[in-house]
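Student: I am new to this structure, and I would like to go through it with you step by step. Could you show it first?

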Amino acid sequence: MGNRDLESRGSWKNRGAPPPPPPHSNYYTSSSPYYAESSEKQWTSWLVPMIVVANVAMFIVIMIVNDCPKNHNSSLEGNCVARFLGRLSFQPLKENPLFGPSSSTLEKLGALEWKKVVNENEAWRLVSCIWLHAGVIHLLANMLSLVFIGIRLEQQFGFARVGVIYLLSGIGGSILSTLFIKSNISVGASGALFGLLGAMLSELLTNWTIYANKAAALITLVIIILINLAVGILPHVDNFAHIGGFLTGFLLGFVLLIRPQFAWQERRHLPVEARGKSKYTLFQYAFWFLSMLLLIAGFAVGLVMLLKGENGNDHCSWCHYLSCVPTSRWHCNNQ
């Protein structure tokens with residue numbers, strides 16, 4: 001894979017519902033645990049399918065630009081894969097085992113790269129990299145994860161809130177990745193996907209009083225998140241994008257996915273003395289304020305450090321282990 005790093009490198013009813021099953025591979029691909037109360041509005045999911053279509057269309061554009069038969073020297077690294085596809089054929093598997101384009105093509109079309117963002121003022125790469133994928137396998141894994149996570153969230157909370165979480169989490173992942181990874185390029189929607197996972201977790205915590213089976217659901221969701229983050233310590237996986245996206249989505253969940261407490265929702269059916277006096281609890285207000293403060297501070301500090309060309313590893317000597325742990329079988333070059 002050369003110097004390519006991949007970011008995947010991705011209401012319970014009051015009577016209770018089973019928590020989500022574990023994910024497939026290193027992507028979270030199980031159904032969301034959210035099931036709507038009968039009194040709540042159900043949104044029609046259209047944004048998530050459109051994001052999937054946009055990513056697939058972008059990958060086709062990438063492969064057209066890549067044009068392996070024309071731009072690849074087969075005498076040096078072997079023949080293109082699936083040559084019957086013409087200019088859509090893939091780079092040799094020795095170069096890209098994920099059935100995709102070359103690193104140079106991804107770099108040309110907007111892959112995340114420190115020197116491009118800092119030295120050449122191409123901050124747009126913080127967003128463009130979210131829509132690029134390194135291969136068919138990478139694309140399919142991320143899009144399947146997005147469908148299973150995103151559609152249920154969009155049905156519950158609407159396209160606007162889910163769209164904001166998805167985009168800002170992707171950008172948050174890009175910022176943290178650029179601060180810590182200097183020598184490799186990075187592509188993928190995994191930071192945004194981890195943001196949706198983080199939002200699911202904070203939504204459960206901030207709306208704790210309206211759910212049953214919450215302890216089991218919390219434990220299951222935390223285990224799923226930890227497994228996915230643990231896979232990020234393998235080489236060629238940009239775990240900083242995962243962590244940055246997760247933290248951004250986790251904080252945004254407290255801000256955007258807050259629900260009225262149960263006593264307020266059912267006040268029409270409860271006696272006067274049992275009706276909730278406040279729409280939200282004190283803890284929900286506290287979580288909202290603290291999360292908003294941390295979001296603003298985090299993005300401000302991250303962007304200032306990035307524009308000044310700071311290296312995150314200079315301020316945290318052990319943080320590089322969060323993205324890759326060297327062993328006797330592989331080495332790490334993620335700084």
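**Disulfides, chain and pocket**

Tutor: The link of Cys316 and Cys319 is right-handed, with 80° about the S-S bond. Please keep in mind that this is a predicted model, in which local features need pLDDT of at least 70, side-chain atom pairs count only at pLDDT 80 or more, and totals for chains, interfaces and linings use all residues. Residues are numbered from 1 along each chain as its sequence is written, and side-chain values use heavy atoms, with hydrogens and water left out.

Student: How many disulfides does the structure hold?

Tutor: A disulfide is counted here when a pair of cysteine sulfur atoms lies within 2.5 Å. Cys316 and Cys319 are joined in this way, with 1.9 Å from S to S, and Cys68 is joined to Cys80, also with S to S 1.9 Å. The number of disulfides in the structure is two.

Student: Why is the disulfide of Cys68 and Cys80 left-handed?

Tutor: This pair links distant parts of the chain, with Cys68 in helix H2 (residues 68-71) and Cys80, twelve residues apart from it, in the loop between helix H3 (74-77) and helix H4 (103-109); helices are DSSP runs of H or I with at least four residues, strands are runs of E with at least two, and both are numbered from the N terminus. The disulfide is left-handed because the torsion about its S-S bond is about -90°.

Student: What share of the 335 residues of the protein chain counts as buried?

Tutor: The protein chain has 14 helices and two strands. Of its 335 residues, the share that counts as buried is 52%.

Student: Which helix supplies the largest share of the lining of the largest pocket?

Tutor: The largest share, eight residues, comes from H13.

Terms used
Buried means under 20% relative accessible area, exposed over 50%, partly exposed in between (1.4 Å probe, protein chains only).
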